[in-house]
Amino acid sequence: MAKKRRKLNKDFEKKIYSSKKNVELVLAKIYDIDDEDIQKEYMSAFNEVVYLYDALKEAYDEQGYNEDSEELLKNYKNSFNVFESEFEI
């Protein structure tokens, strides 16, 4: 049986790309923190955001755009916003 093609969505791909850049920027800022204890605290808190971004990207790469895609993006954005509100970066 032939493998079903995954549905692509250019607008959603742009959102994923933008999310990737945001994650990379925050990680770079965290790595620039001199105090090791503070850096570990920030990194620990940001791991949730990175995990949700990875899940979003992996789901899109494997399955394409589907009914769960917007929910995954929403979860990532909520987590990112919570991190930004709790940590000054």
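E24 is partly exposed, with a relative accessible area of 36%, where partly exposed covers the range between buried, under 20% relative accessible area, and exposed, over 50% (1.4 Å probe, protein chains only). The model is predicted, so local features need pLDDT of at least 70 and side-chain atom pairs count only at pLDDT 80 or more, while totals for chains, interfaces and linings use all residues. Residues are numbered from 1 along each chain as its sequence is written, and side-chain values use heavy atoms, with hydrogens and water left out.

**Salt bridges**

- Side chains of opposite charge can pair when their charged atoms come close.
- The count comes to three salt bridges, a salt bridge being a side-chain nitrogen of Lys or Arg within 4 Å of a carboxyl oxygen of Asp or Glu.
- E24 meets K21 in one of these salt bridges, at 3.5 Å from N to O, and K21 is itself partly exposed, with a relative accessible area of 39%.
- K21 and E24 are three residues apart in helix α1 (residues 10–31), and therefore separated by about one helical turn; helices (H or I, at least four residues) are DSSP runs, numbered from the N terminus.
- E36 and K40 form a salt bridge through their side chains, at 3.4 Å from N to O, and they both lie in helix α2, four residues apart, which is about one turn of the helix.
- K40 is exposed, its relative accessible area being 51%.
- D61 and K57 form a salt bridge whose closest N and O atoms are 3.1 Å apart, and they too are both in helix α2, with a spacing of four residues, about one turn of the helix.
- D61 is partly exposed at a relative accessible area of 36%, and K57 counts as partly exposed at 31%.

**Aromatic pairs**

- A pair of aromatic rings is described by the distance of the centres and the angle of the planes.
- A search of the whole structure finds nine aromatic pairs; rings of Phe, Tyr and Trp (its six-membered ring) pair if their centres lie within 6.5 Å, and planes under 30 degrees apart count as stacked, over 60 as edge-to-face and the rest as tilted.
- The pair of Y53 and Y76 is edge-to-face, because the ring centres are 6.3 Å apart and the planes stand at 65°.
- Y53 lies in helix α2 (residues 36–63) and Y76 in helix α3 (residues 69–86), so the pair ties together parts that are 23 residues apart in sequence.
- Y53 counts as buried at 8% relative accessibility, and Y76 is buried as well, with a relative accessible area of 2%.
- The rings of F83 and F87 have centres 5.1 Å apart and planes at 15°, so this pair is stacked.
- F83 counts as buried at 3% relative accessibility, and F87 is buried with a relative accessible area of 14%.
- One aromatic cluster is formed by Y42, F46, Y53, Y76, F80, F83 and F87.

**Negative surface patch**

- D32, D34, D35, D37 and E41 gather in a patch of negative charge on the surface.
- Such patches are made of residues with over 30% relative accessible area and no salt bridge, like charges being joined within 9 Å and nonpolar side chains (Val, Leu, Ile, Met, Phe, Trp, Tyr) within 5 Å.
- D32 has its place in the loop between α1 and α2, and at 60% relative accessibility D32 counts as exposed.

Conventions. Helices (H or I, at least four residues) and strands (E, at least two) are DSSP runs, numbered from the N terminus. Accessible areas come from the Shrake-Rupley method with a 1.4 Å probe; for residues, only the protein chains shown count as cover. Lys and Arg count as positive and Asp and Glu as negative; His and the chain ends are not counted. The place of a charge is taken as NZ of Lys, CZ of Arg, CG of Asp or CD of Glu.
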